[in-house]
Amino acid sequence: MVQQAAARARLINPPDKGRNMKLMKSTTILMTAALSVSVAEARDFTIAGWGGNYQDAQRAAYFEPFAKAQGLTFIETTYLGGLAELKTMSETGNVIWDLVITDGATLQLGCDEGLFEELDWDALGVADSLLPDAVTPCGMGNVVIGNGFAYNAQTFPDGPKSWADFFDLARYPGKRGIKNDPMMNLEYALMADGVPPDQVYEVLATPEGVDRAFAQFDRIKAELQYWDAGSQPVEWLAANNVAMSTAYNGRIIMAAKEGKPLTYVWTNQISNIDAWAVPANSPFKEQAMEFLKVAADAQNQATFSSLMPYGPTNVETAGVLPADVVANLPAGENIKDSLFLSDAFWIDHKDELTERWNNWSTQ
Amino acid sequence: MARSIFWISTVLCLAFLALPLLLVLPLAFNTSSFLTYPMEGFTFAWFGEVFGQPSWTKAIWNSVKVAAGAMALAVLIGGLAATGVTLTGRVLQMVLSALFVSPVVVPSIVVAVAFAYAFGRAGLSGSYASLVLAHAILGAPLVFLSVLTSLRGLDPDLDRAAASMGASRLHRFRHVTLPLAAPGFLAGALFAFITSFDEVVVALFLAAPESTTLPIALFSGLRDRLQPTIVVVALLLSLVSLLFLLAMGQMQKRGAAASRN
Amino acid sequence: MLTSQKAHGGRLAAFLLLVLPLAVYILVYLVPLGGIVSLSVDNRGLSDRFPALRAAFAQGGAGTADGRAAALLQDLAGLDAKARGETARMLNQEISGFRSLLLDTGRDAATIAPTMAALVAFDPRWGDPTYWEVIERNIPALSLRNFQKVTGLKTGPDGGLTIAQGDDIYLRIMLRTLVIALQVTLLTLLIGYPLAYAIANGSRRLGTFILMVVLLSFWTSILVRTTAWVVLLQTNGLLNNLLLWLGVVSEPLQLIFNRFGTLVAMTHVLLPFAVIPMMNVMRTIPAAQNQASRSLGAGGVETFLRVYFPQSLRGVVVGGGTVFILALGFYVTPALVGGPGDQMLSYYIADFVRKTLNWGMASALSVLLLGGVLGLLAIYGSARWVMTRRKEGV
């Protein structure tokens, strides 16, 4: 009886029904709101860079003049390398970057998979002023980076001079910082083992060559400490956590300018080019093309190189730069015995050699 | 002898648990940029730096937004699930409870990869919505458990009494069950909030630079450069945890007082 | 009749209440997890791109060489540049150099005569059977190649399974994951036990104080506590400076980016998960038993070992099990305080997704990790079930 009454009460109880509906309604609204927050958001022109003072210099030399000329606002984000984000953007159609600076191998891979816009070099009209290696189907080479090693001059007053010294624990004892990545490290090892720069990739393409490179690292494995971010070697060297570390020339020279006793070794360093690319279907494609013109400009590149000691890709820039700036760039006398990074080699061998590297480094 | 073993082991183990944070967090006020003792002087400058940098303030704001959204959604689904489950049969209840609690035991990296792939396909990657949904799934089990516990602790006589007086089921739920289970909902909500606020692995895979949360900013800051601002952020996160714990303590006290009356 | 109506109403209410949470769980949680499981064996990304080759290989005996060459060229001509790039990337994961081979051939597919001879003339690598074997392996829509790679197992020329040297990397990483989790479990139990004991048996004030510290630690984010260890363990960090100042060491010790740092930080992070279950069990142990034992003449230590400790074991098992299962999936702490030799399974899962976009391998490793955790939980659950049954039986 009681239950029956309750059941009847339930049937003829409109306020409850109304409340129920209200609850359902507000739930639906909440869910929809939560889902739509991002989709409809209009966004600013977005530039993804490598962060740190590298990006600070780019902001002063390129981002700000460009934004001023175009009358737009931009936001910056940090790019961690690789294609993961770009792949997501292409698959979802939600393109959240308009420009990204990346390395040659990634650029080529992404270009092959249609993740970047193809550049119309005729329309850009800047190809003639750039290094030939800077002109590629999907990217505009903008920065020449020096990859070598550095040491703390207080630890080694009579400093190491070559890759052979880097691998020589007897003469130069102490920990070594290296990037946890086979790219460049295997080249360094072969040069330490006496392979001339122009034969490095020939040797590395053979299984014996790879064994030879790993054998070099085997000798110093106990002293290795691995870095991920370009700022780590600088911190570690300055704090004496490591005696020597592979590093980017720019970061080391900047630290030296701030008074840290760090020295970068130019001998047999590796040069590579960082390039700007435009993620496919960016809504700001037109503006991005204008940016490329700003970034290719000789004067702007000179501003960048004087703020951050990386080399220009515009062949006329060197003439504009003062000699004391050029002395710190991967250019001229500094790169007379340099190796140029082979993107083609790494595109083919990266998977296999990374697997072997991981296998070796985790043992 | 037993007493000295007791004291020595207790003090040593307690020191291991408590000292790391007690030693490190004060460095947020150190004038020197080196993270070590002795402290050179006392300053709030590093706090100023954190609150003056858009990258940090934006991350703080993002974290609050995501945690609030995740909390609301988690309370909704966790609360509904818990109340619904109490009305089912024994076997079904066990199966459903296992399902609703399971996100807690699945390793976060697996959840992260699964979410990243699924949301990527659904066109949601990098959005707040994806973070809110993912964190809601991680918070819902905690809401579910705390609501379920408080519902189970309810005196069934109360419900029966209300029913015998002709109250409808919904009416009873609203006016009898819900007020008594409210502490469970509230505790669950706090759990869900703090879970999302502290979560880093899933966020690493889902957040776009614009939706970067505080833990992600801390994680990348740690890899990039160790400086006092990092300790400031760690201190802020610890304070949130402390506040949370105090709130929980208050609620428990009130709950105890209420049940005494 | 009345009761059935009531049950019916209950079922309806339960259904209404559960519809939304179930829908969200299924859509946002179970479907993605299922997606990862199927992704680990799903090879359609490659197989769908080779319809003609699939038909050629299905004809048995792998068709004629010219038939295969023609099918390959036909398939390649059908791919746009983007699809060709993706295919090349995936095949290059199997064998170095396949990328450039496929891209070059694909670009000129229309101009090459559909015979094996012409194909080999275009690029002699097509004469190497290894490339064809890779294609054949990748043509089925379902493939166990990811799991093969994870286990390092390969079918040898004689059909038997072998593990090539250096291919056992993921097996070793799984073993390492288990070892680290076990070490951390033992350490947390060792350090957590006295704390749990003090909470349950110390004075009221001491117990409350320690419990507060444990709870505060429990609710402080893992990342924050890891941060503290990074600051403490640096080469010129707090701990080293203290040791130098005390004169214990003459130069800084390497405390971070190695196994020591990983174990210390993980133990600290997981400690509350061990303390709380142990404490809960210890609180149920009646103090009267200890007093009885002592009144019978047993010493404090003896009473503890023979009376107290056996009863607290249940909490040790629960706490240890919790810590072990949580430790298996750890990512953040080892990534920040460990070196390459201390990374656990999670690290490699993240690596595959973030660095090489290899979702197949990431999901295969995820399936293993998930399977391991669920397997352990199942064992744990059934052990508890058996124990309660036995208790009821007695």
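Two residues are in contact if their C-beta atoms, placed from the backbone, lie within 7 Å. Among contacts in chain B between residues at least 6 apart in sequence, 78% join residues at least 24 apart. For chain A, the corresponding share of contacts between residues at least 6 apart that join residues at least 24 apart is 74%.

The structure is a predicted model, in which local features need pLDDT of at least 70 and side-chain atom pairs count only at pLDDT 80 or more, while totals for chains, interfaces and linings use all residues. Residues are numbered from 1 along each chain as its sequence is written, and chains are lettered from A and ligands numbered from 1 in the order in which they are written.

**Confidence**

The model scores ipTM 0.89 and pTM 0.84. At the level of single residues, pLDDT is the predictor's confidence in each residue, from 0 to 100. Chain B averages a pLDDT of 87, with 97% of the residues scoring at least 70. Chain C also averages 87, and 92% of the residues there score at least 70. In chain C, pLDDT stays under 50 over residues 1-5, a stretch for which the model has four contacts beyond four places in sequence. Where pLDDT is low, the predicted coordinates should not be read in detail.

**Chains A and B**

Helices (H or I, at least four residues) and strands (E, at least two) are DSSP runs, numbered from the N terminus. Chain A has 17 helices and ten strands, whereas chain B has eleven helices and zero strands. The C-alpha atoms of chain B fill a box of roughly 70 × 65 × 35 Å, taken along the principal axes.

Burial is judged by counting neighbours: a residue is buried if 20 or more other C-beta atoms lie within 10 Å of its own, exposed if 12 or fewer, and partly exposed in between, with C-beta atoms placed from the backbone. By this count, 50% of the 261 residues of chain B are buried, and buried residues make up 49% of the 363 residues in chain A.

A:N240 lies between helix 11 (231-238) and strand 7 (244-248) of chain A, and A:N281 lies between strand 8 (262-277) and helix 13 (285-296) of chain A. A:N240 counts as partly exposed because it has 16 C-beta neighbours inside 10 Å; A:N281, with 14 such neighbours, also counts as partly exposed.

**Nonpolar cores**

A nonpolar core is a set of buried Ala, Val, Leu, Ile, Met, Phe, Trp, Tyr and Cys residues joined through C-beta atoms within 7 Å. The largest has 271 residues, and those with the most contacts inside it are B:V113, B:F115, C:A327 and C:L365. Leaving aside neighbours within four places in sequence, B:F115 is in contact with B:A134, B:V202, B:F205, B:L206 and C:P32. Apart from this core lies another, of 24 residues, among them C:L53, C:L73, C:L76 and C:L102.

B:D198 is found in helix 8 (residues 169-198) of chain B. With 23 C-beta neighbours inside 10 Å, B:D198 counts as buried. Not counting residues up to four places away in sequence, B:D198 touches B:P215, B:L237 and C:S221.

Two packed helices are described by the angle between their axes and the distance between the axes. Axes are lines fitted to C-alpha atoms, for helices over the stretch in contact, and angles run from 0 to 180 degrees between N-to-C directions.

| Helix pair in chain C | Angle | Axis distance |
|---|---|---|
| Helix 11 (residues 204-219) and helix 14 (residues 259-283) | about 135 degrees | 9 Å |
| Helix 3 (residues 51-58) and helix 4 (residues 65-77) | about 160 degrees | 7 Å |

Angles under 35 degrees count as roughly parallel, over 145 as roughly antiparallel, 65 to 115 as roughly perpendicular and the rest as oblique. Helix 11 of chain C is therefore oblique to helix 14 of chain C, whereas helix 3 and helix 4 of chain C are roughly antiparallel to each other. Where helix 11 and helix 14 of chain C meet, C:V214, C:S217 and C:F218 of helix 11 face C:L271, C:P272, C:V275 and C:I276 of helix 14 in contact.
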